[in-house]
Amino acid sequence: MKKVSHSLFLALLVCLTSCNKDELDVVNKVTAEDLDGKGLPKLAFSSKQPELTNIQEYIIDLEQWNIPNNGTDPTTTTANLQAAIDWAYDEGFGMVTLPKGEYLVGKDVNEIYQGGIEIHNNTEFVFSEGAVLEMDTNDKWNYCVISLDGDNIIVRDGTIKGDRDSHIFTPRESDGATSHDEGHGICVWNDSNIVLIDNMIIKDTTGDGSLVLDATDVTFTNNNIFNNRRQGISVVGGTRITITDNEIHHINGTSPQFGIDIEGAGRVDEDILIQNNYFHHNKGGDIVNTSGKNVYILDNILEQGDGNVYIDGPLVSWHKTHNIIARNTITMLSGSVNGRLGYIQYSSGGDKGHNRATYVHDNVLNNCGMYMYKSADADVRRNKFLGYFLAFSDFDNVILEDNLVTYSEEHTNLRYCWSYRFKNATGSASGNYLGDELQDLPLSSTQPYTMQCVLDGW
């Protein structure tokens, strides 16, 4: 995860020679959007939901299949539980139910991967109340407690537990590394599509609560995802991904440590909805988008949480992504490496690769602010930045309307050149307030504007 130190952050605002307009090579013509009544691009996609017409249920007979449910004998449990699931699939059952109990799973697949349970296409896999599927202690770099193998799958109503507390971090022969950060609760991969993960507890993995890898039409809803070492949910290539009404918290242990990380590594990530989720106590941050296009981040609560120190900050995007960020409430208690920035857009400059604007509307940022640099095209309206500043550096075409910034009551020494900060910025501004005072922000569409106090070093 790319990080910007606080000193670099100050330098980016102050140093006029770091990047001129010619170096930005920005796209000047912004795509016309189909906007709603509040001025946001309309949400024009939705994830397909599984349609299981076969409702014939098979409740796994533990005695018949000799499946321990007392958290012992992972070899027998894995082999026999998988045999029961395979048999139910072959017999045409559409719903497979796991009875109450603790099921310890894990099989040696190869030197780096520990296998779990596979769920086949056109299957609803249901946990009875009190059913827990847990990965056995292992020393492997990778594992999936549940791996999805096919389309049209539902997994719901249970608990998945990794082996974080007992994992053996054996050094890798090739380089001696011990991060072992690919241990996952649920893997949506192998070109699995049209998937619903509903009402699950996913915790204590060495990597991610869930990994989405080259999948389409995947929905996570009503899940509690916590105490995983790397991420809550990683989207590494995904189209029409919906993440709603989840609680994602206490992600910590190995970088990046975000609640949700969209990071395709050359794969396509687009049409992603993150809405009505509650994030808190995540070490790296809550949401980071490094590669996603048409990503809607709406109506979420992002809280640092008592005792937690952010590394990057609550909400981070990268220069080449495209985001609609609206109606979120973001709360910081202390600064990250970026200072007290509730939203920051990282950039190394150059062409964005698209000509759509980033929309930031109707958000409330408590004790934190926002900063975008070396980029172009932002529509920022009706936000409340309470106790920190709003800043743009080496930025073309920012629209600022009806925003509010307030002074920090705790950091009164920072009031010089406070509130709205600009270096080499073009655009327009109206109706913006500092406290009760309307601000005259002389942005122009043609002449880059830099505040004198920024030149002076504020």
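How many cavities of 30 Å³ or more does the structure hold?

1. Basis. This is a predicted model, in which local features need pLDDT of at least 70, side-chain atom pairs count only at pLDDT 80 or more, and totals for chains, interfaces and linings use all residues. Residues are numbered from 1 along each chain as its sequence is written, and side-chain values use heavy atoms, with hydrogens and water left out.

2. Cavity. The structure holds one cavity of 30 Å³ or more. A cavity here is a set of points, on a 1 Å grid over the protein atoms alone, where a 1.4 Å probe fits but cannot get out. The largest cavity has about 50 Å³ of space; volume is the space filled by probe spheres set on the points, which are joined across faces, edges and corners.

3. Lining. Ten names need checking by eye: L315, I325, I330, Y343, V360, N363, L365, M370, N383 and F385 line the largest cavity. Lining residues have an atom within 4 Å of a point. Eight are nonpolar, two polar and none charged. Ala, Val, Leu, Ile, Met, Phe, Trp, Tyr, Cys and Pro count as nonpolar, Asp, Glu, Lys and Arg as charged, and the others, Gly among them, as polar.

4. Disulfide. The count is one disulfide, taken as a pair of cysteine sulfur atoms within 2.5 Å. C144 is joined to C187, S to S 1.9 Å. The S-S torsion of C144 and C187 is about -85°, so the disulfide is left-handed. The pair links distant parts of the chain: C144 lies in strand 9 (residues 142–149) and C187 in strand 12 (residues 182–188), 43 residues apart. Strands are DSSP runs (E, at least two residues), numbered from the N terminus.

5. Cysteine burial. C144 has 1% relative accessibility and counts as buried. C187 is buried at 0%. C368 is also buried, with a relative accessible area of 0%. Buried means under 20% relative accessible area (1.4 Å probe, protein chains only).

6. Aromatic pairs. There are twelve aromatic pairs. Rings of Phe, Tyr and Trp (its six-membered ring) pair if their centres lie within 6.5 Å, and planes under 30 degrees apart count as stacked. Y388 and F389 have ring centres 4.5 Å apart and planes at 20°, so the pair is stacked. Y388 is buried at 5%, F389 at 1%.

7. F392 in strand 33 (residues 390–401) and F422 in strand 35 (residues 420–430) are 30 residues apart. Both are buried.

8. Ring cluster. Ring pairs link Y58, W65, W87 and F93 into a cluster.

Terms used: On a 1 Å grid over the protein atoms alone, a cavity is a set of points where a 1.4 Å probe fits but cannot get out, and a pocket is an open set with protein on both sides within 12 Å along at least five of seven lines; lining residues have an atom within 4 Å of a point. Helices (H or I, at least four residues) and strands (E, at least two) are DSSP runs, numbered from the N terminus. Buried means under 20% relative accessible area, exposed over 50%, partly exposed in between (1.4 Å probe, protein chains only). Rings of Phe, Tyr and Trp (its six-membered ring) pair if their centres lie within 6.5 Å; planes under 30 degrees apart count as stacked, over 60 as edge-to-face and the rest as tilted.
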